[in-house]
Amino acid sequence: MRPKSILVTGGAGYIGSHMLLTLSRAGFKTIAFDNLSSGHRIPMFTGDTVIGDIQNEALLSDLFSRHHFDAVMHFAASIEVGESVMHPEHYYENNVVATLQLLKTMRAHRVCHLIFSSSAAIYGEPIYTPLDEKHPCQPLNPYGRSKYMIEQMLADFAKAYDFHYIALRYFNAAGADPSGLLCEQHTPETHLIPLALQAAKTGQPLTVYGCDYPTSDGTCLRDYIHVNDLCDAHLLALEAVWQQKTSGCYNLGSGQGYSVQEVIDTARLITGLPIPVTYATRRPGDPTRLVANADLAKEQLGWQPRYSDLPTIIKHAWAARAPLDSLLSI
Ligand SMILES: NC(=O)c1ccc[n+]([C@@H]2O[C@H](COP(=O)([O-])OP(=O)(O)OC[C@H]3O[C@@H](n4cnc5c(N)ncnc54)[C@H](O)[C@@H]3O)[C@@H](O)[C@H]2O)c1
């Protein structure tokens, strides 16, 4: 028997909405659960939607009583590093405590498969690159620590109970579904590619933090992974937890580092627009290079990224229009 019915927390967000689309294309029945604290719209061409907070024990329990779920894909979180430094209480509450609430509800309703959105932020300052899963985890901020605490919680649950999980440690999610139906949208937006495209559209300058890094053009290097490649990895992870009853953590990245300057130059080429830039000093805690070694996901899950070269990522992000008639606006 294959899993059929999936609860997607954070389904109104950037990655969660892409996951709903991927799951619906693959024939799964889905329920999206989101409190709309930062998500925008839920694609109406996918399954059902429940607006609510995973910290709401009664609502969550009622949801699990009314629906049978084979697995949960858990995207819901607060995700801003800077905000997490200013408001750590919120990050431990909305990420760690809320996830514990979700796990308790899953256990009470005998749902024992989970795919978790972890982050490269759990590694902290790289000791070596590319980073593999054995790299020490020394997160530099409450956001990264909240993700690491959740991973530890998941490992303890898997040891003690009939519970199987895969934590996927994303590097920089980027791009959009090639259909153009969904796009990356955060408020505030802090991710480089949407900011560069916004600068192309508006003519307002994009701020580049640090141009004196020891790299070929002085700007720092990051690993961008196409959102659809992330979603493919979730399907494979689901198959692994379901069939092999396995648990573990996997990096998801392209293995290729692109500098901030290369991203801007590629975005200029693709949009045909100038993208004005202002240069500022480095931000504290921004490492020179953050590049993934994702061999483990390739070897053990059979994952192969298809879209994660920079020009394709930016082309898809630029083409994304998110037409209102394809979305349920709430
Ligand atoms: N975007 C990236 O590059 C990236 C990188 C690493 C990890 N991640 C992780 O991937 C996941 C999804 O990221 P995203 O970029 O789609 O973020 P997003 O902000 O677009 O989506 C998160 C969604 O979760 C919802 N949410 C937050 N708290 C909730 C709660 N208590 N109850 C119900 N819903 C709640 C928000 O309303 C939002 O729709 C997050 O867990 C994030 O930490 C993202």
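Reply: Gladly! Let us begin with pairing: two strands pair if DSSP finds at least two bridges between them. In this predicted model, three bridges join strand β5 (residues 71-74) to strand β6 (residues 113-119).

Me: What makes β5 and β6 a pair, and which way do they run?

Reply: Pairing needs at least two bridges, and β5 and β6 are joined by three, so they count as a pair. The two strands run parallel. For a place to look, find Met73, which stands opposite Ile115 in β6.

Me: Which strands form the open sheet, and in what order?

Reply: Seven strands form it, in the order β4-β2-β1-β5-β6-β7-β11, with parallel pairing. Its edge strands are β4 (48-51) and β11 (248-252). Neighbouring strands of this sheet are turned by 20 degrees against each other on average, direction ignored.

Me: Why are β4 and β11 called edge strands?

Reply: Because each of them pairs on one side only.

Me: Which helices pack on the sheet or lie across its strands?

Reply: Helix α1 (residues 14-25) is one of them: α1 packs on the sheet and touches β1 (5-9), β2 (29-34), β5 and β6. The direction of α1 makes about 170 degrees with that of β2. Helix α7 (residues 227-244) lies across β5, β6, β7 (164-170) and β11, running at about 160 degrees to β7.

Me: How do you know whether Ser65 is buried or exposed?

Reply: Count the other C-beta atoms within 10 Å: a residue with 12 or fewer is exposed. Ser65 has 11, so Ser65 is exposed. Ser65 is found in helix α2 (residues 57-66).

Me: How do α2 and α4 pack?

Reply: α2 and helix α4 (residues 88-108) pack at an angle of about 35 degrees, with their axes 10 Å apart. Glu57, Leu60, Ser61 and Phe64 of α2 make the contact with Gln101, Leu102, Thr105 and Ala108 of α4. The crossing is right-handed.

Me: What makes helix α10 mostly covered?

Reply: Seven of the ten residues in α10 (residues 310-319) are buried. These are Leu310, Ile313, Ile314, Lys315, His316, Ala317 and Trp318. Their cover includes β8 (172-174), α6 (192-202), β10 (221-226), β12 (257-259) and α8 (260-271).

Me: Which residues have the most contacts inside the largest nonpolar core?

Reply: Leu168, Ala196 and Leu252 do, in a core of 100 residues. Helix α7 gives the most to this core, with nine residues. Leaving aside neighbours within four places in sequence, Ala196 is in contact with Leu206, Val263, Ile264, Ala267 and Ile275. In soluble globular proteins, nonpolar side chains tend to be buried together.

Me: How do you know that the radius of gyration of the protein chain agrees with a compact globule?

Reply: With 330 residues, a compact globule would have a radius of gyration near 20 Å; the protein chain has 19 Å, so the value agrees. Its C-alpha atoms fill a box of roughly 55 × 45 × 40 Å along the principal axes. The protein chain has ten helices and 15 strands, and 48% of its residues count as buried.

Technical notes
Residues numbered from 1 in each chain as written. Predicted model: local features only at pLDDT ≥ 70, side-chain atom pairs only at ≥ 80, totals over all residues. Buried ≥ 20, exposed ≤ 12 C-beta atoms within 10 Å, placed from the backbone. Helix = DSSP H or I, 4+ residues; strand = E, 2+ residues; numbered from the N terminus. Contact = placed C-beta atoms within 7 Å. Rg over C-alpha atoms; globule rule 2.2 N^0.38 Å. Axes fitted to C-alpha atoms, helices over the stretch in contact; angles between N-to-C directions. Core = buried A, V, L, I, M, F, W, Y, C linked by C-beta atoms within 7 Å. Left-handed = near helix turned anticlockwise from the far one by under 90°.
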